[in-house]
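Biologist: I'd like to learn how to read a model like this one. Could we go through it feature by feature?

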Amino acid sequence: MKNVVRVASVQFQHRPSDKSYNMERLEFFARQAAEQGAALVAMPEMCISGYWHVPGLDRAGLDQLSEELPDGPSARKVRQLAVDLGIGIGAGLLERSADGELFNSYFMALPNGDVHVHRKLHAFEHDEIRSGDTYTVFDTPWGIRIGILICYDNNLVENARATALMGADVLLAPHQTGGCNSPSPHAMGLIDVEIWRNRDKEPEAIEREILGPKGREWLMRWLPSRARDNGMFVVFSNGVGEDTGEVRTGNAMIIDPYGRILQETWAASDEMVIADLDLDLLPMSQGRRWLKIRRPELYGILVQPQSDTVSTRAARLSNAPIKPPQV
């Protein structure tokens, strides 16, 4: 008998600051996942609070939108839902800490009532939002260890490797990406919002964008390698549709430790994908073998500070050219 854990990944179009609507969408998919036998379901980054309208809020607006974790009202509802359904539920929101600091955070509520919180390590959405400083890897009732990296966190290979070295079998990778305005000429690019709004009349146009270089093609350049290089499954969840002037491409997918896509969608709509993770693939995967032959004595340069380091926000939003690293 195979050692299998069934997981689900969701893409849905949130509404800015409309927590009631967003929670309804979350509950809808959580119940679907439970009915289909999933042990856990991953929702997108900041799907409860909304995402790209946040850069336009002032501090008062951010404070009003934010909540405490793990005991704020939304987290309590999700935790109770996880207990009631007997599944794990991952979701993101704008967190306000006990001392008033703001974070782009993602939490996983387990069916035993435990809640694990990850604060985005490379936050750039607002000057008032801080970056976290801790990796998040934890045990679960299903005999697997789960790690969480939020969106931009996954761009740095060191973060995925550190998560794997902490024993993660499965990486949850919640995003709000695709169709982003990027200063890099061969990365993503903006998608005309009219293409999204006309998706029912011209479905081929939005499908080209979702599958093209602003969506799936871009993801395929790097996302499967996070799984393959580190010998872990990756559960990629994402927003979809219009998000304050940008169009998210969805592309929810589940990837195995060899970088193979187990399930994916390119639907221009709210959608969920489900896959059975064959845990017997993990011990002999190439990535796990590579973790065992590392030579840390050679890697000192990886932890040496650069003399010209910039913030994530500056790197993400600036059009200035980047010079080669200097250590």
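Biologist: Let me start with a helix: which elements do the buried residues of H4 pack against?

Modeller: First, a word on the source: this is a predicted model, in which local features need pLDDT of at least 70 and side-chain atom pairs count only at pLDDT 80 or more, while totals for chains, interfaces and linings use all residues. Residues are numbered from 1 along each chain as its sequence is written, and side-chain values use heavy atoms, with hydrogens and water left out. Helices (H or I, at least four residues) and strands (E, at least two) are DSSP runs, numbered from the N terminus. Now to your helix: the buried residues of H4 pack against strands S7, S8 (145–148) and S9 (170–174), and against helices H8 (223–230) and H9 (286–292).

Biologist: Which residues of H4 are buried?

Modeller: An α-helix makes a turn every 3.6 residues, so residues three or four places apart point the same way. In H4, residues 157–165, the buried ones are Asn-159, Ala-160, Ala-162, Thr-163 and Ala-164. Buried means under 20% relative accessible area, exposed over 50%, and partly exposed in between, with a 1.4 Å probe and protein chains only. Just after H4, Gly-167 has a positive phi of about 95°.

Biologist: What does the side chain of Asn-159 reach?

Modeller: The side chain of Asn-159 reaches the backbone oxygen of Asp-153 at 2.9 Å. Asn-159 counts as buried because its relative accessible area is 5%. Beyond four places in sequence, Asn-159 is in contact (heavy atoms within 4.5 Å) with Leu-121, His-122, Tyr-135, Leu-149 and Asp-153.

Biologist: And on the strand side, which residues is Val-137 in contact with?

Modeller: Val-137 sits in strand S7, residues 136–139. With its neighbours within four places set aside, Val-137 is in contact with Arg-145, Ile-146, Gly-147, Thr-163, Met-166, Gly-167 and Ala-168. Thr-163 is one of the buried residues of H4. Val-137 is buried too, with a relative accessible area of 15%.

Biologist: Where do I look for a core, and which residues touch the most other members of the largest one?

Modeller: A nonpolar core is a set of buried Ala, Val, Leu, Ile, Met, Phe, Trp, Tyr and Cys residues joined through side-chain atoms within 4.5 Å. The largest has 27 residues, and Leu-26, Val-41, Met-43, Ile-48, Ile-89 and Phe-107 touch the most other members. Two or more residues each come from S1 (4–12), H1 (19–35), H3 (73–85), S3 (88–96), S4 (102–109) and S14 (271–278). H1 supplies the largest share, five residues. Apart from this core lies another, of 26 residues, including Ala-39, Ile-150, Val-235 and Ile-254.

Biologist: Glu-95 is charged; is it buried or exposed?

Modeller: Glu-95, in strand S3, counts as buried because its relative accessibility is 2%. Its side chain is joined to that of Ser-105 by a polar contact of 2.6 Å. Such a contact is a pair of N or O atoms within 3.5 Å; within protein, one must be able to donate a hydrogen and the other to accept it, and residues adjacent in sequence count only if both atoms are side-chain atoms. Beyond four places in sequence, the residues in contact with Glu-95 include Ser-66, Glu-67, Val-117 and Arg-119.

Biologist: What about loops: where is Pro-44 found?

Modeller: Pro-44 is in the loop between strand S2 (40–42) and helix H2 (59–65). It is buried, with a relative accessible area of 0%.

Biologist: Last one: how many residues line the largest pocket?

Modeller: Rolling a probe the size of a water molecule over the atoms shows where empty space is left. On a 1 Å grid over the protein atoms alone, a cavity is a set of points where a 1.4 Å probe fits but cannot get out, whereas a pocket is an open set with protein on both sides within 12 Å along at least five of seven lines; lining residues have an atom within 4 Å of a point. The largest pocket is lined by 48 residues, with His-122, Tyr-152, Asn-155, Leu-156 and Glu-158 nearest its centre. Its volume is about 1800 Å³. H4 gives the largest share of the lining, six residues.

Biologist: And what is the volume of the largest cavity?

Modeller: About 30 Å³. Strand S10, residues 233–243, gives the most to its lining, with five residues.

Notes
Grid points are joined across faces, edges and corners, and a volume is the space filled by probe spheres set on the points.
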